[in-house]
Amino acid sequence: MSRVSKTAVMVAVVLSAAMIAVPAQAKTEQIKSGQTSVKLSALVKALLAKTGLTVTAVGPANVGGGSLSMPMASGPMSVPSMNGKMNSEGGLRFRFGTRTLVIRDYRITHHGKNATVSAIVHGKRITLAHIVDLKARMSGKHGKMSGKLRITAAWAHLINKLIGANVAHTGQDLGELTMAVKMA
């Protein structure tokens, strides 16, 4: 074999190995529809009952029976990893006596093993909870995610300020999140 032929074969082998070693790129798609639900923890239910803090739905969100739900509306998500920013519609109104706190535009952000729930509060996006024990899987155009919600220091501070007492603490269990989405 000539020197040029040997070089061509080596280049072909190296390129083939590189193509095999590089994983397929994730495809980013838009969320078409879906639903997120949170089954409130016993701790949150007790806090609501003990303090008199009320929670009502804003927009297409629903609250009742120890849970809340919101439609998923949009957002880019990598398939099949479910990494991305998934946006909901609606929000919640927290009322304690004459004081009110409204949060809107919930977003679930997922990257690898890290996932959070954030929302707009007083015009700023803050992280409300971390999602732990996360499970995410895709089947065709449908994705499901679940996990436990743990309150952040920022959200605990706002709840404590609303109530006027130190009742919420970083890391406390807020409940179980489940989300199902359909991609466009």
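F96 stands opposite R99 in β8, within an antiparallel pairing of β7 and β8 that runs over six bridges; strands here are DSSP runs of E with at least two residues, helices are runs of H or I with at least four, both numbered from the N terminus, and two strands pair if DSSP finds at least two bridges between them. This is a predicted model, in which local features need pLDDT of at least 70 and side-chain atom pairs count only at pLDDT 80 or more, while totals for chains, interfaces and linings use all residues. Residues are numbered from 1 along each chain as its sequence is written, and side-chain values use heavy atoms, with hydrogens and water left out.

**Strands around β8**
- β7 and β8 form a hairpin with two residues between them, and G97 in the turn has a positive phi of about 65°.
- Strand β8 (residues 99-111) also pairs in the antiparallel sense with β6 (residues 84-88) over four bridges, where G84 stands opposite H110.
- Seven bridges join β8 to the antiparallel strand β9 (residues 114-121), with H111 opposite N114.

**Aromatic pair**
- The structure holds one aromatic pair, formed by F94 and W155, which is edge-to-face at 5.3 Å centre to centre and 70° between the planes; rings of Phe, Tyr and Trp (its six-membered ring) pair if their centres lie within 6.5 Å, and planes under 30 degrees apart count as stacked, over 60 as edge-to-face and the rest as tilted.
- F94 lies in β7 (residues 91-96) and W155 in helix α3 (residues 153-163), so the pair ties together parts that are 61 residues apart in sequence.

**Loop residue S41**
- S41, in the loop between β1 (27-40) and α2 (42-51), counts as buried at 6% relative accessibility.
- Not counting residues up to four places away in sequence, S41 touches D173, L174 and G175, where contact means heavy atoms within 4.5 Å.

Conventions:
Buried < 20%, exposed > 50% of the residue type's maximum accessible area, 1.4 Å probe, protein only.
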